[in-house]
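This briefing covers selected side chains and ring pairs. Please keep the sequence and the structure in view while reading.

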Amino acid sequence: YLIIVVALLTAMALLPLATIESHETLTSTVVELQVKPFMIGEGAQNTLTAVSGSIYFSVILSISLLITLTTIFFYKNRMFQVRMCFTNMAMLLGLQVFTGYSLYRSVAFVEQMNRAITNFSPGISYSVVDVFPAVSIIFTYLAFRGIMKDEMLIKSLNRIR
């Protein structure tokens, strides 16, 4: 389950959370803004890449990814894994809040563009990446349950001896 969480968080770091597209009616210019947690580089011609998330968003995403990887590799210390799962769920909850806030700011940006520029009609399209933190919380909980089942099995085997 934790490997799935790593894959989801990596995809979240690389894929845009939302895309704001606009076609100007007077010219043939297409403006596209992508809401990304990390700024990797400028986009193609006539494409703008915007970072709507803050540095805190990127830090929480990186820490959550690091916690998940740490949890995977500390497989001999199950109680440490349990604590790390709870910490990761709290970080993922914060990441989901930051994702919602970034999308809220993007919608406000689109409304501001509508009021500021005439003949400019932007539209926002959301991505499936927006729900990755919530899905990651579910998978982290499933990993927590599996770790606790292993711990209970080991304790019951120790009593038999």
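I72 counts as partly exposed because its relative accessibility is 22%, and buried means under 20%. The model is predicted, and I72 is placed in helix α2.

**Helix α2**
- Leaving aside residues up to four places away in sequence, I72 touches L2, I3, V6 and Q81.
- The C-alpha atoms of I72 and V6 are 9.8 Å apart in space, while the two residues are 66 residues apart in sequence.
- I63 also has its place in helix α2, which spans residues 55-73.
- With a relative accessibility of 36%, I63 counts as partly exposed.
- A nonpolar patch on the surface is formed by I55, Y56, V59 and I63, whose accessible area together is about 410 Å².

**Aromatic pairs**
- Four aromatic pairs are found when the whole structure is searched.
- One of them joins F86 and F144: the ring centres are 4.9 Å apart and the planes stand at 55°, so the pair is tilted.
- This pair links distant parts of the chain, with F86 in helix α3 (residues 78-116) and F144 in helix α4 (residues 132-160), 58 residues apart.
- F144 counts as buried at 14% relative accessibility, whereas F86 counts as partly exposed at 46%.
- The rings of Y141 and F144 also form a tilted pair, with centres 6.0 Å apart and planes at 35°.
- Y141 and F144 are three residues apart in helix α4, about one turn of the helix.
- Y141 counts as partly exposed, at 40% relative accessibility.
- F86, Y141 and F144 are linked into a cluster by ring pairs.

Technical notes
Residues numbered from 1 in each chain as written. Predicted model: local features only at pLDDT ≥ 70, side-chain atom pairs only at ≥ 80, totals over all residues. Heavy atoms only, no water. Patch = residues over 30% accessible without salt bridge, like charges linked within 9 Å, V, L, I, M, F, W, Y side chains within 5 Å. Areas by Shrake-Rupley, 256 points an atom, 1.4 Å probe, with all protein chains shown as cover. Salt bridge = Lys/Arg side-chain N within 4 Å of Asp/Glu carboxyl O. Helix = DSSP H or I, 4+ residues; strand = E, 2+ residues; numbered from the N terminus. Buried < 20%, exposed > 50% of the residue type's maximum accessible area, 1.4 Å probe, protein only. Contact = heavy atoms within 4.5 Å. Phe/Tyr/Trp six-rings, centres within 6.5 Å; stacked < 30°, edge-to-face > 60°.
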